[in-house]
Amino acid sequence: MPARPRELTPDRSARHLFGAKMRAYRERGAISLEGLSDVVKISRSHLSRIETAEAMPPPSLPAMLDAAFGTDGIFEELYRLASKEIHPDQYKRRMELEARARLIEEYAGQFVPGLVQTEEYIRASFAAGHPRATRDEIEELVTARMSRQALLVADSPPDLSFILDEAALRRGFGGPVVMRAQLASLAELALTPTALVQVLPFAAGGHALSGGTLTLMTLDQGARVAYEESIWTGTLIENMDGVTKRQRAYDRVRACALSPHDSAAFIRSVMEALPT
């Protein structure tokens, strides 16, 4: 008995509507996913994830769907909306993808990455970012951030690769005691069976990722996604061209970073320079 197709939710976003319309026109034309795969040259599994809004359509797909279904530009119009849309559930989706990731690569320009923040560093950084928040509200944020770290102690944790700008090490949160503990944790993590930490020193100069934070995730079935974060907003990138562009920028930055061994020594030197 064939598996029941996953229920679609076209009312959630333009991306979800794109997937729902794609399935509707495909089934109206009695075209299987395998048959559509032959026409558009995209794998059946990728098409299935597009229909259920688990993946953004690649830029080449809308025109091919309009040609295959005779829909006179409908899918190109939907794609223009979906590609510009900031989804209200985007961060939640990012967390869902993170939980599925087998490899997480991250560049952090100003903060230590959330997955490897100590509890006191988390508390201090949220207090700085939310000056009007109550103590209970801060604690809720701390609990949520700490819950993400559960995947690091799972039976099969993901591989991690972090590039930290020197600014992330020197920008103190919570005072010297908090920063010393945070830096010590990073130094111990620099070269372990599941993690690599590299420092990008100021001497490396400018680079393409200077403006924010970038996370690249390789998921359990090999799909790749990227997540960019600025001061107040985050953007999830799921089309292959966009992810590949950001992976290349990440690789260039990594090529200029210190080795994990030298990075651990650099982190310890920053620790030693902290006031007692």
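Strand 5 and strand 6 form a hairpin with four residues between them, and G222 in the turn has a positive phi of about 95°. This is a predicted model, in which local features need pLDDT of at least 70 and side-chain atom pairs count only at pLDDT 80 or more, while totals for chains, interfaces and linings use all residues. Residues are numbered from 1 along each chain as its sequence is written, and side-chain values use heavy atoms, with hydrogens and water left out.

Helices (H or I, at least four residues) and strands (E, at least two) are DSSP runs, numbered from the N terminus, and two strands pair if DSSP finds at least two bridges between them.

| Strands | Sense | Bridges | Partners named |
|---|---|---|---|
| Strand 1 and strand 5 | antiparallel | six | Y107 and L214 |

Strand 5 (residues 213–219) is mostly covered, with five of its seven residues buried, where buried means under 20% relative accessible area, exposed over 50%, and partly exposed in between (1.4 Å probe, protein chains only).

L103 lies in strand 1 (residues 101–108) and counts as partly exposed because its relative accessibility is 26%. Leaving aside neighbours within four places in sequence, L103 is in contact (heavy atoms within 4.5 Å) with P158, D159, L216, M217 and T218; the C-alpha atoms of L103 and P158, 55 residues apart along the chain, are separated by 5.3 Å.

Elsewhere, the buried residues of helix 1 include F18, M22 and Y25, and just after helix 1, A30 takes a positive phi of about 55°.
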